[in-house]
There are 2 protein chains.
Amino acid sequence: MATIKDVAKLAGVALSTASYALSGDSKVSSKTREKVLEAARQLNYRKNGFAMDLKRSRTNTIALILTDLSGPYYSELIRSVQDVALSNGYDLIACSSMGGKDSTAVKFLREKRVDGAIVLAHNITDDILLSSASAAFPIVVMDRKTTGEGLISVVVDGEQGGYDATRHLIELGHRQIAYISGPSNSFDNALRYQGFLRAMREAGLEEKAKWRLGGSFIREGGYKATKMMMMQGELPTAVFYANDEMAVGGIKALEEGGVSIPDEISVIGFDDIQLAEYVHPALTTIHQPMHESGSLAGHLLFQMLNGEEVNEAYKLKVELIRRNSVKQI
Amino acid sequence: MATIKDVAKLAGVALSTASYALSGDSKVSSKTREKVLEAARQLNYRKNGFAMDLKRSRTNTIALILTDLSGPYYSELIRSVQDVALSNGYDLIACSSMGGKDSTAVKFLREKRVDGAIVLAHNITDDILLSSASAAFPIVVMDRKTTGEGLISVVVDGEQGGYDATRHLIELGHRQIAYISGPSNSFDNALRYQGFLRAMREAGLEEKAKWRLGGSFIREGGYKATKMMMMQGELPTAVFYANDEMAVGGIKALEEGGVSIPDEISVIGFDDIQLAEYVHPALTTIHQPMHESGSLAGHLLFQMLNGEEVNEAYKLKVELIRRNSVKQI
DNA sequence: GTGAAAGCGCTAACAT
DNA sequence: ATGTTAGCGCTTTCAC
C-alpha cells in the first residue's frame, strides 16, 4: 500500500507539500498540485484513515448503536439520524451491541472510534454509558433516562402510551384485558406496564395474573404467549401487547386458533411499526414519534459536539392510532 | 483523556511494560500488572483504538455496506453476516452508501478503515470496488457479478427467478402480464427482466410497452406505477413486480381501486421479504436465499482474509413461494 | 521481567 | 510556495 511518503518521493516534493496538495490547500501551486495528484494516481494512493484520525484526534463520524443490526428496525428513526448526520457533514455507522461487554458497540464507545453516539440498546449498561461519555464524547441515549456528563436522554412517554392504549380499550367497554409483556429488564416495558396499571386502577379494574404473560418483545414471543393464553380456556376480551412485533405474532396465533379479531377479541399494540398497517386486521397501536425523536437525538448530539449547552432529558409524546384490530364491546 | 503514557507514569513503569500489562501479556509479573491495572482504573484509561489499528495495521472489523441504513432490510442476510463475523471474532459495522462518492461507505472502503467488506449497494461503482479491493483488502459484492483481485461475487440467480415467476403465471393461464420494473441501472432488475422476457418469448407471448412501468424498487414507486396502470383502462390479468416492496405498494393501489386480488388480478413479487407473508392477500413471490447468501459471503470474506484461495463467483438458486396473491385464470 | 526506542501514516506548526 | 520536523497513542523489537 502506497503511503503519502511514496507519493511525495515520486512527485519529487516534501511530505508536507504532498499532504497539502492532497487535501487541496490553496497555498500549493497548481503545477505542484498536479504533479502530486498524478503521482498519487499512478501509485493508486489511498490515505490511511486511522493515521489521519489519530493525528486530528477526531473522526468526523458518529455511531448509532442498536441491539441487533438485523432489526426490527426503527427505520424512520435511523433515516432521520442519517439525515441529520449527513447535513452536518458527518459520517454515520451502525453497530450492534450483541455480545454485551464484548460487542462492537462497546468497543467503539470505549476506544473512542467515533466522535459521539446515539444509543438504542438496552443491553449497554448505564455503567458503560456513564464511563464512556464526556463533554468531548457526547452520547444520546434513547431507551432510558440515564443522564450524566456528556450523556443526555431522549425518550418517548411510554407510561402515557400504556395508559392511552389501555384507556382506549376500557372506553370501548373492555373489562378483561390481558397484558403481554416485554423483557422484565426493559425500561420501556416497565413504563408501558405502569401506564397499563394506572388506567386499570383508575377504572377500578383488576389485572389478572394469568393474563400477564411474557413475550420478550419478539414476534415469536407474542405468538407463544398468545398460544399459552388460549390454552388456559377463558379468553380476555382484549389484549394489550407491549409492542407491535409481539402483537403480530399474537394475531397469527389467534388466527390459527380461529379466534376472530376484532369480533371475538380486540388487539392493541405499541410502536406503530411499518408492518402494523399491513397485518390483517390492521393493527391499532400507539405511535412512537420515530422521526421526531431520531431527528431530535441527532440534533442534540451535534449541539453537544459543538460545545453548546443542552437540556439533559427530553420526553416526546405518543399518539393513539386507530385501525381495525379493536372493537367496541 | 488519559493515555498509556499517563498510566505508565502513575504506575511507575515503562511505557512498554504498561502496554504489556494492559494487553495481558504473560511475561509481566503479576505485581506489576496489578499496579498498572490500578493506575489505569484510577485514570479511567481507555485505549485509543486508532493508534492501535495504525500500529497493527489491521482493525479486526469488517463492514457491511448497504444502500440505505434505514432499510428495507435484508434482515436475515444481515443476521447471518453478523453471526459469521462474531464467530470469527471480528467486529461488524454497517454503513450506508447514500451520497455515492462522498458516502460513508466509500470513505471506509478507500481509507481502509476496516479489514474487508461485504457490499450490497448498487450505487457503489465497479470502479470503486475494483480500485479498493486487493488481496489485503478483500471485498465480496452481492448485487452484481463484478470480480477482480480481492473482489469476488455472491449473487442469486435473478434471471432464473424472473423466469420462474413469469412461468408460474403463464402456467396458470395468464397471457396479459405487466412488469413493474426497478431502476434501470440496477443489475438485479435487469436480470429479473431478462428472465421475464425469456418466459414470455418461450410461451409466444408479447410484452406490451404500456404494461412495463418503472417503480424504482420502492413501495411508493410500486403504488404509483400501479395507479398509472389502472388509469390506462385495460388491466392485465397478472402483474409481476420486480421486488416485493413495489408489490406491497401495488397491492395497496389495487385495493384502493377496488380491484380484488387474486380474483380480478394476480400479483407476484420478488425477494420474499418478511412483509410478504403478512400483506393481504399473502404475497406469492420468489424467495431469495438470504440466510445462505449472507452466510456464504461472510465465510468467503474470512477465507480471503486468511489468505485462502476461493472461487471468484458464486450463484445461488431461488425458489418460488406460493401464497395467495396468484390464481388460475 | 522491564525499559528504551523505533515507527505505523498522517497533519500542521514552524522555518525557509 | 515548499521543506523540515515534531508528534498523535500505540505495539513490538531489542537490549539489559
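**View 1. Helix 4 of chain B gives the largest share of the surface near DNA strand D, 4 residues.** Helices here are DSSP runs of H or I with at least four residues, strands are runs of E with at least two, and both are numbered from the N terminus. This is a predicted model, in which local features need pLDDT of at least 70 and side-chain atom pairs count only at pLDDT 80 or more, while totals for chains, interfaces and linings use all residues. Residues are numbered from 1 along each chain as its sequence is written, chains are lettered from A and ligands numbered from 1 in the order in which they are written, and side-chain values use heavy atoms, with hydrogens and water left out.

**View 2. Take a look at the residues around DNA strand D.** Of the atoms of DNA strand D that come within 4 Å of the protein, 58% belong to sugar and phosphate. This surface divides into 9 nonpolar, 8 polar and 6 charged residues; Ala, Val, Leu, Ile, Met, Phe, Trp, Tyr, Cys and Pro count as nonpolar, Asp, Glu, Lys and Arg as charged, and the others, Gly among them, as polar.

**View 3. Here are some individual approaches to DNA strand D.** Ile4(B) brings a backbone N or O atom to 2.5 Å from a phosphate oxygen, and Lys27(A) has a backbone N or O atom 3.1 Å from a sugar or linking oxygen.

**View 4. Chain A meets chain B through 47 residues from each chain.** Contact means heavy atoms within 4.5 Å. The area buried between the chains is about 4,500 Å², with carbon and sulfur atoms giving 54%; this is the accessible area (1.4 Å probe) lost on putting the two parts together, summed over both. In chain A, Arg46(A), Phe50(A) and Tyr278(A) lose the most area to chain B, together 17% of what that side buries.

**View 5. Strand 2 of chain A pairs with strand 2 (residues 91–96) of chain B in the antiparallel sense, over 3 bridges.** Pairing requires at least two DSSP bridges between the strands. Ala94(A) stands opposite Ala94(B).

**View 6. Between chain A and chain B there are 8 salt bridges.** Each is a side-chain nitrogen of Lys or Arg within 4 Å of a carboxyl oxygen of Asp or Glu. Lys107(B) forms one with Asp91(A), with the closest N and O atoms 2.7 Å apart.

How values were computed. Near = heavy atom within 4 Å. Polar contact = N/O pair within 3.5 Å; in protein donor to acceptor, adjacent residues only side chain to side chain.
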